Amino acid sequence: MTSVSRPLPRLVPAEAFADVPADRLLAVLEAVTMVLTLPHRAAERVDALVVPTGQGEDWRLTEAIRAWETGPALRHLLVANTDSAERTYRPLTLDRLRGLGLRRTDGVVLQAEPVTGTGRQAAWIVEQVRALGVGSVAVVVSPYHLVRVYLTVLRACDDAGLRIPMVPLPVAVAPDAPVPETGAAGYDLVAGEVSRLLRYPGQGWIATPERLRDYLRWLWSEHRLLLTGA
């Protein structure tokens, strides 16, 4: 996995995409459509929930905790830490999660040390999945960020020679709710995510469109029962 020279801005103007070829934009739209429309209720049937924290968005944690507390079949709750340089950063502890409603602590695994970047969060998630023998996961994160997280974890799995079923569980948050770190709304942050979805496959951070198609073909062929429950 190669490194990114410098972080891309989170707020990107529409004119930044004026020269992007149509086929590349269509590949992003394809990924967004196919990932976000995977059956969300399949999250009730997975082994573990995985949560990449960040941007001061406690709603990522509260959504995951709600699903965890109402899903006794879930075996693990894996929570990845974020960048301590964020203005809204707070240490990731069980006490903090208890304050957000956590009661069932058996199976909860927290990344103790802060990390920079979604790629490093994904690498930690894959390490835990392998170490714990997790068979399937649901990715819990805000809608604007979910597809990039999904593709980043998929790339990390691929790099580690690991293939498991993954389903999305987007957080129930209004798209105009201000994100605590920047004050920007989910609407405002979509362009920055699209910019990353366009650039990161070539930098080794996220799964390519071809890799995603191959993975979804496998997922629907081999794990339809998990996806549909029927």
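Colleague: What makes Glu 210, Arg 217 and Ser 221 of helix 7 count as exposed?

Modeller: Each has over 50% relative accessible area, the cut-off for exposed (buried is under 20%, partly exposed in between; 1.4 Å probe, protein chains only). They sit on the face of helix 7 turned away from its buried side. This is a predicted model, where local features need pLDDT of at least 70, side-chain atom pairs count only at pLDDT 80 or more, and totals for chains, interfaces and linings use all residues. Residues are numbered from 1 along each chain as its sequence is written, and side-chain values use heavy atoms, leaving out hydrogens and water.

Colleague: How do you know that the buried residues of helix 7 are on the same side?

Modeller: Arg 211, Leu 212, Tyr 215, Leu 216, Trp 218 and Leu 219 are buried. They cover an arc of only 160° around the axis (taken from the directions from the helix axis to the C-beta atoms), so they lie on the same side of helix 7.

Colleague: Why is helix 5 called roughly perpendicular to helix 7?

Modeller: The axes of helix 5 (residues 143-159) and helix 7 (residues 209-222) come within 11 Å and cross at roughly 85°. Roughly perpendicular covers 65 to 115 degrees (under 35 is roughly parallel, over 145 roughly antiparallel, the rest oblique), so the term applies to helix 5 and helix 7.

Colleague: Which residues of helix 5 meet helix 7?

Modeller: Tyr 150, Leu 151, Leu 154 and Asp 158 meet Arg 211, Leu 212, Tyr 215, Leu 216 and Leu 219 in helix 7, contact being heavy atoms within 4.5 Å.

Note on methods: Axes are lines fitted to C-alpha atoms, for helices over the stretch in contact, and angles run from 0 to 180 degrees between N-to-C directions. Helices (H or I, at least four residues) and strands (E, at least two) are DSSP runs, numbered from the N terminus.
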